[in-house]
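Please read the points below against the sequence and the model. They cover the pocket, the cores, the aromatic pairs and the backbone.

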Amino acid sequence: MRPADLLPILLITDRFTHIFRKYSETFRRGSPQICDGATMMLTPTRANRRRAAIAVTAVALATASLAACSSSGTGTDAPGAGDSATSGTVDWWGWVPEQAVAPLYIAEFNKEFPDITVNYKNFTIADYQAALRPALAASTGPDVFDVASGAMFEQFGQYGVDLTPDVEEALGDDWESKIAPIGVTAFTDDEEKLRVVPVGLGFAGPLWINQDLFDQYSLTPPTTFEEWAEVCATFESNGIGCFTQGASQVAFNQDTLQSIADTINPGLFSKATTGEEEWTHPDLVTAFDAWQSLFTDGIMQDGALGEQQYPDANNGFLSGRFAMIHMGYWYSQYTIEDLMSSAIAAAGVAEAKPFTVVPIDFPAAVRGGTPGALFGSPDYGLAVNDKSDAKNAATTFALWLSTAETGQQMVADSLADVPSLKGIAPQLDGLVNPEVQQAALEDLITDAASVTEERLLSNAQLADAIGAATTTLASGDVTPEEAAEALQEAAVQAGVEY
């Protein structure tokens, strides 16, 4: 899914009240500064995909400790910026984390580096690239800036310094073995230079189920499409919707199609996006047929093509009207009881009662298939501006958030992203059903750390073509063979070389 595909969601949760409580001592000490930026667009693949507002009390704690930003110039003009790695002023631009969350990261950083002031300016994802492009070109840009993998890295990675020596110094000669592979490959350019250090990783692939509904009707999570159809028949006979997806929101269709293809021939979908295999490969035709079968075999809900993943499918699942949904790691937030309660209320349920949500492997589309493949990309990483006057201080901050255990623990505890540093797990508390959810979440995080198959495409035109293939198949306007041929032709037109 490309950043441009990310659409706003309307959820009100309070996950970060946990983090504010956990780090409240930091705010009493006070030190970070936050620049006023545009209100952030909520997207389903970022930290803000889980909430439209932070609890008022938490925001009050944050804002009470923040110093106002100066309007007299950039922080790199401040005394002490220079080449020091332990003092100076660093300007950080990004669309994540949220404006109310960034103080937590910065304040914790200042416990170790009290003489580095970090000013964070937050943008909407739509405004960010428009502002960053001229600023970097004119040498007036930030010292540190967010970068997503795929198309954004292709555009802005060139402005970042090569951080390979710094990461090697921080983690040792075997540093590549300590970071999730997808975080290294996504941000390494053709010259083998690591231009961006990954902070948090986003993954898709699993189904999420309402375990309480499965228990109520004595059902076992499906491992194949045949079992999936049988489970759906049971739910439907009891007035419960089985699986919901907003099929008009094609970026999520791509996730589901990739999940299906990976159960048939792992990695083949990705090879087709890069030109190593053609879309007319028989196994991809089988995947198109399986996608179409979701709409013809009673698995997908009626009217899916007229609904969006957010808010329609999301609210349908959270309100208990449907038992299954295809979402990514970010849905881990709903294992937390108070978050689940808030989300259910936001979905329109008057008396919100949390239920047990659990990730399961995506069912195999063919007999003998391989269920449960994961694919992902860095949600975002940090680049150090090659033209910055505070490169060393900026590098200190970027590496702290991306490679230091303290910084990565905070990323993990947000439950928005998987930390890029291996061996860091979230401190799970307040689970709805710890006996069921704890092990499932730990397994998901462990599996995510070894993922090499990417999710975000750098070719926007190809992504649009994949979306068109899914909707025409869903509507029955084309056969799987016709969809494969049309997509292959579109991929060539999009510049993919086969």
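1. A pocket here is an open set of points on a 1 Å grid over the protein atoms alone, where a 1.4 Å probe fits, with protein on both sides within 12 Å along at least five of seven lines. The model is predicted: local features need pLDDT of at least 70 and side-chain atom pairs pLDDT 80 or more, while totals for chains, interfaces and linings use all residues. Numbering runs from 1 along each chain as its sequence is written, and side-chain values use heavy atoms, leaving out hydrogens and water.

2. Which residues lie nearest the centre of the largest pocket? They are Glu-154, Thr-185, Ala-186, Glu-454 and Ser-458, out of 34 lining residues (those with an atom within 4 Å of a point). The lining divides into 10 nonpolar, 14 polar and 10 charged residues. In this count Ala, Val, Leu, Ile, Met, Phe, Trp, Tyr, Cys and Pro are nonpolar, Asp, Glu, Lys and Arg charged, and the others, Gly among them, polar.

3. Helices α6 (151–156), α8 (181–185), α11 and α12 (268–274) each supply at least two lining residues, and α12 has the largest share, 5 residues. Helices are DSSP runs of H or I with at least four residues, strands are runs of E with at least two, and both are numbered from the N terminus.

4. Helix α11 (residues 250–264) spans 21 Å from first to last C-alpha over 15 residues, close to the expected 21 Å; the expected span is 1.5 Å times one less than the number of residues. Buried means under 20% relative accessible area, exposed over 50%, and partly exposed in between (1.4 Å probe, protein chains only).

5. The largest nonpolar core has 55 residues, of which Trp-92, Leu-382 and Leu-401 touch the most other members. Helix α16 (residues 391–403) gives the most to this core, 7 residues. A second, separate core of 54 residues includes Trp-228, Val-231, Phe-288 and Ala-323. Such a core is a set of buried Ala, Val, Leu, Ile, Met, Phe, Trp, Tyr and Cys residues joined through side-chain atoms within 4.5 Å.

6. There are 22 aromatic pairs. Tyr-217 and Phe-235 make one that is edge-to-face, at 6.0 Å between centres and 85 degrees between planes. Rings of Phe, Tyr and Trp (its six-membered ring) pair with centres within 6.5 Å; planes under 30 degrees apart are stacked, over 60 edge-to-face, the rest tilted. Tyr-217, in the loop between α9 (211–216) and α10 (225–237), is 18 residues from Phe-235 in α10. Tyr-217 is partly exposed at 21%, whereas Phe-235 is buried at 0%. Trp-92, Phe-109, Phe-113, Tyr-120, Phe-397 and Trp-400 form one aromatic cluster.

7. Backbone items to check follow. Val-96 and Pro-97 are joined by a cis peptide bond with omega about -5 degrees, and Tyr-310 and Pro-311 by another with omega about 5 degrees. Pro-97 is in the loop between β2 (88–94) and α4 (102–112); Pro-311 is in helix α14 (residues 309–318).

8. Ser-218 has a positive phi of about 55 degrees and sits in the loop between α9 and α10, where Ser-218 is exposed at 66% relative accessibility.
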